[in-house]
Amino acid sequence: MTRLKLYENFNRQTDLDQVVDVLNEGELILLPTDLRYVVGCHALRNQAVERLLKWKGRGDDARNKLTLICHSISQISDFARIDNEMFRL
């Protein structure tokens, strides 16, 4: 296990590249939030999603109940159908 401390600004490119490599390999990562830590993975890597569901002790039916973080609001349309009202919200 590798521990990296990343900041909002001024991260070393090698640290960012290491995080990307870990995600691309299908590994899980631990992310701090304001209240607790969350476990994350690369959402487009089936192996990673399966590993996350197994770690959480949830079956395949839970696949549609995971949180997805997108780069921008427009990227959401790549993964879900959103009508204009929901998009404005």
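This is a predicted model: local features need pLDDT of at least 70, side-chain atom pairs count only at pLDDT 80 or more; totals for chains, interfaces and linings use all residues.
**Second pocket**

I started with the lining of the second largest pocket, whose residues divide into 16 nonpolar, 2 polar and 3 charged.

Residues are numbered from 1 along each chain as its sequence is written, and side-chain values use heavy atoms, with hydrogens and water left out.

I looked up what a pocket is: on a 1 Å grid over the protein atoms alone, it is an open set of points where a 1.4 Å probe fits, with protein on both sides within 12 Å along at least five of seven lines, and lining residues have an atom within 4 Å of a point.

The second largest pocket has 21 lining residues, and T2, L4, I29, L30 and L31 lie nearest its centre. Helix 1, strand 1 and strand 2 each give two or more residues to this lining. Helix 1 gives the largest share, 6 residues. I noted its space as about 880 Å³.

**Largest pocket**

Next I checked the largest pocket, which holds about 1100 Å³ of space. Its lining has 29 residues, with C41, A43, T67, L68 and I69 closest to the centre. I sorted the lining into 18 nonpolar, 7 polar and 4 charged residues. Which element gives the largest share of this lining? I found helix 2, with 5 residues.

**Salt bridges**

Side chains of opposite charge can pair when their charged atoms come close. For a salt bridge I need a side-chain nitrogen of Lys or Arg within 4 Å of a carboxyl oxygen of Asp or Glu. By that rule I get 2 salt bridges.

One joins D15 and R12, with the closest N and O atoms 2.8 Å apart. Is D15 buried or exposed? D15 counts as buried at 10% relative accessibility, while R12 is exposed at 55%. (Buried is under 20% relative accessible area, exposed over 50%, partly exposed in between, with a 1.4 Å probe and protein chains only.)

R51 and E27 form a salt bridge too, 3.4 Å from N to O. This pair links distant parts of the chain, 24 residues apart: R51 sits in helix 2, E27 in the loop between helix 1 and strand 1. (Helices, H or I with at least four residues, and strands, E with at least two, are DSSP runs numbered from the N terminus.) R51 is partly exposed at 30%, and E27 is partly exposed at 34%.

How values were computed. Grid points are joined across faces, edges and corners, and a volume is the space filled by probe spheres set on the points. Ala, Val, Leu, Ile, Met, Phe, Trp, Tyr, Cys and Pro count as nonpolar, Asp, Glu, Lys and Arg as charged, and the others, Gly among them, as polar.
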